[in-house]
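I opened my notebook and went through this structure part by part. Here is what I looked up.

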Amino acid sequence: MVQFILNEQEIKTNVSPGLTMLDFIRYNRHLTGTKIGCREGDCGACTILVGELKNGRLSYSSATSCLMPIANAHGKHIVTIEGINLDTLNAVQQAFAEEGATQCGFCTPGFIVSLTGFCINEATPSYDKAIDAMNGNICRCTGYKSIERAAATVSNTMQQRNGTSALQFAVDNRMIPAYFLGIESRLAALLNNAVKQEATGKKYVGGGTDLYVQQHDTIVDEPLNFLYDKSELKGISRHGNTCVMGSATTVTDIAESKIFKDHFKELPAYIKLVSSTQIRNMATIAGNFTNASPIGDFTIFFLALDARISMVNGETKREIFLKDFYKGYKSLDKQPGEIIEKIMFELPSATDLFNFEKVCKRTNLDIASVNSAVCLKMQDENTIATASLSAGGVGPVPMYLAKSSAFLLGKRVTAALIHELTDIVQSEISPISDARGTEAYKRLLLSQLIKAHFIKLFPALPLEHVMYV
Ligand SMILES: Cc1cc2nc3c(=O)[nH]c(=O)nc-3n(C[C@H](O)[C@H](O)[C@H](O)COP(=O)(O)OP(=O)(O)OC[C@H]3O[C@@H](n4cnc5c(N)ncnc54)[C@H](O)[C@@H]3O)c2cc1C
Ligand code: FES
Ligand code: FES
């Protein structure tokens, strides 16, 4: 049985735990304000809010309900467009109406729900955050300017919040109904009394953002095992210089982690390149590793950190380097029934240099044509002690560039060195021509991304010209 609160109503249901929240909302509860667009997480028409207790405090994030198994809603508050309606238009809906930010209206519930997610988030409100909250929503009619104006109106109101809690302020300003104020205690009571039935199937599901795109027709009837909310797979901690992450850590968990923010100064820029707010809230790192896409962004990120993964199968545990996980196209060093439990890596020190680059056909909400990351330990300002280079989209698996990394040991960074390096990189990769670009294009892209790493990491050196030769 799965138990949660849907808008104001408590739900106990025995439907298949793999059913998408979208299908439950529309076909079981007949709440048809949540729309079906792509069913692939791309359009945002199906956006809902998911409220959960974290350290006893209620916090909301957005999700694409087309990719969310209902099992991942257990003990949570699910909010659809109907759940934020008042007797007349609420303040977010009113802003959309006044700015002409809705035409055919198909995308509008998704936009309104995403923007409401911004309003009830405790982070300091700003216009940019309001826009970011809607970065997973697509509109085919309005041209976005009117939507941006509506977001400006809403964010101007939110910026008057000062010390008031976001939920209280949103209720006081007619953005959401007053029942939201009772949800924290209702969820605590529900979690105390609800008995979660653990699924024990052999197919593991994290956030579902790969599986439900690939298998949405069949997955609902399969025996599944849900990892997303397992407490032993959660959390990011630091032990000396080692960072240990639960495998169900999401991209948003990383974005919000103080440990990551302290050690990766450019983290917000990297995060912006990955999917959308809704998908980042759902996507786990182990899911990214295990999906084994040659262009998985966080796979490339952690390969450059030479991360290790601990695998568990019942009582049996073992640890391997992430780079050894990949045996061939979608072929992994993983036994049936084995899951990734934890991810471990050495945190870059203040003198280490790290960079991640990604090129895709469009800047936002797109998968990479080619991506790459590098981590350098320095002997002195310009001399490399050790290096780890990774690259995606240039072979059948996400690649740790072992020869290129070894070549850099003990070398001084110069334009000539970078040219030599790109030659070695080219000898290590084997891209193919496909929808993301021709082989020649991907080879060129990777060389340019390697050069970009060095230009960014060594701003004091005259390296810009390497881009053009
Ligand atoms: C619209 C959209 C945009 C996207 N954009 C990007 C992007 O920009 N960059 C990018 O890299 N990816 C992107 N993705 C892909 C996806 O979001 C990521 O790969 C994500 O990290 C997958 O994690 P998940 O938890 O959702 O995986 P799931 O779909 O739940 O699972 C994926 C695979 O991992 C397995 N698995 C999950 N957890 C474990 C575990 N602990 N141990 C062993 N096996 C496990 C599952 O069995 C399955 O085989 C996008 C997806 C969508 C839908
Ligand atoms: S229907 Fe398009 S994101 Fe879910
Ligand atoms: S108003 Fe028609 S898709 Fe956005």
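**Entry 1: the model and its domains**

I noted to begin with that this is a predicted model. I then looked up how the protein chain is divided. I found domain 1 (2–84 + 179–226), domain 2 (91–176) and domain 3 (231–468). I checked how far apart domain 2 and domain 3 sit. Their centres, taken over C-alpha atoms, are separated by 34 Å. I also checked for contacts between them. Four residues of domain 2 are in contact with six residues of domain 3. On the domain 2 side, I sorted the touching residues by class: one is nonpolar, two are polar and one is charged.

**Entry 2: around ligand 1**

Where does ligand 1 lie? I found that domain 1 and domain 3 both give residues to its shell, so ligand 1 lies between them. I listed 31 residues around ligand 1. Of these, G41, G206, G207, G287 and N288 come nearest.

Next I asked which element gives the largest share of the shell. The answer is α13, with five residues. I wrote down the elements that supply at least two residues each; among them are β6 (203–205), α8 (211–214), α12 (277–282) and β14 (339–346). By class, I recorded 14 nonpolar, 13 polar and four charged residues in the shell.

**Entry 3: G136**

I picked out G136. I found this glycine in the loop between α4 (127–133) and α5 (145–158). Is G136 buried or exposed? G136 has 25 other C-beta atoms within 10 Å. The cut-off for buried is 20 or more, so G136 counts as buried.

I then looked for its contacts, leaving aside neighbours within four places in sequence. G136 is in contact with G44, T64, S114, S276, T277, Q278, I279 and L365. I also looked up F111. G136 and F111 are 25 residues apart in sequence, and their C-alpha atoms are 8.9 Å apart in space.

**Entry 4: an open sheet**

I traced five strands that form an open sheet in the order β8-β9-β14-β10-β11, with antiparallel pairing. Which strands are at the edges? They are β8 (236–239) and β11 (316–321), and each pairs on one side only. I looked up the angle too: neighbouring strands of this sheet are turned by 25° against each other on average, direction ignored.

I took a closer look at one pair. Strand β10 (residues 308–313) is joined to β14 by five bridges, and the two run antiparallel. For R308, I found the bridge partner M344 in β14.

How values were computed. Residues are numbered from 1 along each chain as its sequence is written. Chains are lettered from A and ligands numbered from 1 in the order in which they are written. This is a predicted model: local features need pLDDT of at least 70, side-chain atom pairs count only at pLDDT 80 or more; totals for chains, interfaces and linings use all residues. A residue is near a molecule or strand if its C-beta atom, placed from the backbone, lies within 6 Å of it. Helices (H or I, at least four residues) and strands (E, at least two) are DSSP runs, numbered from the N terminus. Ala, Val, Leu, Ile, Met, Phe, Trp, Tyr, Cys and Pro count as nonpolar, Asp, Glu, Lys and Arg as charged, and the others, Gly among them, as polar. Domain bounds come from an automatic or database domain assignment. Two residues are in contact if their C-beta atoms, placed from the backbone, lie within 7 Å. A residue is buried if 20 or more other C-beta atoms lie within 10 Å of its own, exposed if 12 or fewer, and partly exposed in between; C-beta atoms are placed from the backbone. Two strands pair if DSSP finds at least two bridges between them. Axes are lines fitted to C-alpha atoms, for helices over the stretch in contact, and angles run from 0 to 180 degrees between N-to-C directions.
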